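Thanks for coming, everyone. I'll walk you through one structure today, from the inside out. Please have a look at it first.

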Amino acid sequence: MLSFLKRVFSGAAGAQPALQLDDSLWQHATACGLFRGLTSDELLRLRAIADHFLASKVFTALDGLQPDAAGLARLAAQAALPVLNLGKEAYDDWQEVVLYPAQFRGRMRVADPIGVVHEYEETYSGMAHQGGALVLSWQDAQASPELDAWNVVIHELAHKLDMRNGYPNGNPPLHAGMDGMRWQQVFQQAYTHLQQRADLGHYTSIDPYAAESPAECFAVFSEYFFEWPHTLRREYPAVYEQLAEFYRQDPAARLPDIRYRAVPDEMESVLW
């Protein structure tokens, strides 16, 4: 399994004009595994949300990047998938998408348990900036639609949904009728279990980055929900049920079961 790279926001502006999706762009954008099994009605709604995403966001390209129309269409299609049944308004509390050509370096300041602030530099593939921009590595966003349980666009937009009621903590605002206590219990149990497995060095089919924090746990589980739903349902069936209620989707009903078995120096994929 690839470990998920951490992310950070940084940069200055160079805005791109809005893109209108035509049939050719849309067909290219959705011709990948992530959208497999969607009905014609779902694809129509996905396109309407992607159109709204492109029209309502300011796209700022940095470091000489010149995003092409096909790439922007693919990014918008990925962004639309998590809110397919939530509505286009789910992203209306922020306005900007910042794009770097590839993974980028940035400084992070973190306070330890006794209040001492540590500053360090890392490589990042994106970040959902609270109250501000969604920041992405263009290269990683373009690679994300493959069914490999790694999707920077979905990961960061899960953080954005989590932020709709404040600081990201793995507890996004739930729909009427959902049980908040049940949500917290299910995710806390899964998060604790992942931490224990990570501490013991045990293999897990879930990216151990999910054990970094409750917010990352929700975001990583969201990636698996949309890309490897069968794996998530096997490992943490209660989490899958909660996410199916939250996203109002059942990806396991439309996607194939993909499993990776760890063997020395390689990963063997099996389609079930």
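**Starting from one leucine**

Let's start with L232. Leaving aside residues up to four places away in sequence, L232 touches I206, F221, Y224, F225, P237, V239, Y240 and L243. Contact here means heavy atoms within 4.5 Å.

A word on the ground rules. This is a predicted model, so local features need pLDDT of at least 70 and side-chain atom pairs count only at pLDDT 80 or more, while totals for chains, interfaces and linings use all residues. Residues are numbered from 1 along each chain as its sequence is written, and side-chain values use heavy atoms, with hydrogens and water left out.

Back to the core. Which residues touch the most other members of the largest nonpolar core? They are F221, L232 and L243, in a core of 75 residues. Helix α7, residues 214-227, gives the most to this core: eight residues. Apart from that core lies another one, of seven residues, including V98, Y100, F104 and A133.

Two terms need cut-offs. A nonpolar core is a set of buried Ala, Val, Leu, Ile, Met, Phe, Trp, Tyr and Cys residues joined through side-chain atoms within 4.5 Å. Buried means under 20% relative accessible area, exposed means over 50%, and partly exposed is in between, with a 1.4 Å probe and protein chains only. As background, nonpolar side chains in soluble globular proteins tend to be buried together.

**The chain as a whole**

Now the overall numbers. The protein chain has 272 residues, and 49% of them are buried. It has nine helices and nine strands. Those are DSSP runs numbered from the N terminus: helices are H or I with at least four residues, strands are E with at least two.

Residues 24 or more positions apart account for 69% of them. The accessible surface of the chain is about 12,500 Å², and carbon and sulfur atoms hold 51% of that. Those areas come from the Shrake-Rupley method with a 1.4 Å probe; for residues, only the protein chains shown count as cover.

Next, strand β7, residues 134-137. Which of its residues are buried on each side? L134 and L136 are buried on one face, V135 and S137 on the other, so to speak a strand covered on both faces. Strand β3, residues 96-100, pairs with β7 in the parallel sense over four bridges. There, V97 stands opposite L134. Strand β6, residues 126-128, pairs with β7 in the antiparallel sense over three bridges. G126 stands opposite L136. Two strands pair if DSSP finds at least two bridges between them.

The hairpin of β6 and β7 has five residues between the strands, and G131 takes a positive phi there, near 75°.

Now β3 again. Four of its five residues are buried, so β3 is largely enclosed by the rest of the structure. β3 also runs parallel to β2, with four bridges joining them. A61 has L99 of β3 as its bridge partner.

**Loops and polar contacts**

Is S205 buried or exposed? S205 is buried, because its relative accessible area is 13%. S205 sits in the loop between α6 (180-200) and α7. Its side chain makes a polar contact of 2.8 Å with the side chain of E235. A polar contact is a pair of N or O atoms within 3.5 Å; within protein, one must be able to donate a hydrogen and the other to accept it, and residues adjacent in sequence count only if both atoms are side-chain atoms.

Q185 is in helix α6. At 40% relative accessibility, Q185 is partly exposed.

Two residues other than glycine have a positive phi to look at. D63 has phi near 55°, in the loop between β2 (58-61) and α3 (69-80). D63 is exposed, at 62% relative accessible area. R248 has phi near 60°, in the loop between α9 (237-247) and β8 (258-263). R248 is partly exposed, at 44%.

**Cysteines**

C32 is buried at 12% relative accessibility, and C217 is buried at 1%.
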